[in-house]
Structure formats: structure tokens, C-alpha cells
Amino acid sequence: MILTTTNSIEGFKIIEYKGIVSGTSSEIKTKFSFKTEKNMQIIDDLMSEAKEKAFQKLQTNASKLQANAIVGISVDIETEAGSYFFVSVTGTAVKVA
């Protein structure tokens, strides 16, 4: 599946718009009382994991619509004091040739 933040894919033609798709994910971790390199790495890992899960759900939802690409992807990440991460990914599922 082709994923892009742009509204078109160079070398491909959009032949059918399937609809708007999204994927969400969240991760919760105990609050850290102080910043250390180890704690910052844990936070980075949690955020990456939440983002990866959201993208997987996005692709799954597009596949259900028989799309082979998603264009116009936007990513929204919400966090609260490094203890809660919510990732929302949205785009337009399309069929390209």
C-alpha cells in the first residue's frame, strides 16, 4: 500500500476515491517525576509504538475498502506530561493505477 501526505502520487493516477479512513492508537505509561536519558528513550519508544499502531489500523481500514493507496495523510499526536500518548492518523483511501 502506498502512503503519502500529498494529494497525488507521482507516476500513478487516482482512478477511484474510496473514502476517508483513520487509525488511532494510545499508550499509557506511569508519569516520570524527572527527565533522564532513559526516561526520554522510553517516551520516544512509546510514541513510536502508538504511531505505528495507528498507521497499521489506517492501512487495515483502507484495505477493507479495497484501496491500494492513501493520500493526504495527516498525523495528530496528543500527549499529557509524557504519560499518555494518543495518535490519530487520517487520509483518503484511493485506488491508483
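Colleague: Among contacts in the chain between residues at least 6 apart in sequence, what percentage join residues at least 24 apart?
Modeller: The share is 74%, where contact means heavy atoms within 4.5 Å. This is a predicted model, in which local features need pLDDT of at least 70 and side-chain atom pairs count only at pLDDT 80 or more, while totals for chains, interfaces and linings use all residues. Residues are numbered from 1 along each chain as its sequence is written, and side-chain values use heavy atoms, with hydrogens and water left out.

Colleague: In what order do the elements run from the N terminus?
Modeller: The order is β-β-α-β-β, with one helix and four strands in the chain. Helices (H or I, at least four residues) and strands (E, at least two) are DSSP runs, numbered from the N terminus.

Colleague: Is the chain compact or spread out?
Modeller: Its radius of gyration is 16 Å, well over the 13 Å that the globule rule gives for 97 residues, so the chain is more spread out than a compact globule. The radius is taken over C-alpha atoms, and the rule is 2.2 Å times the number of residues to the power 0.38.
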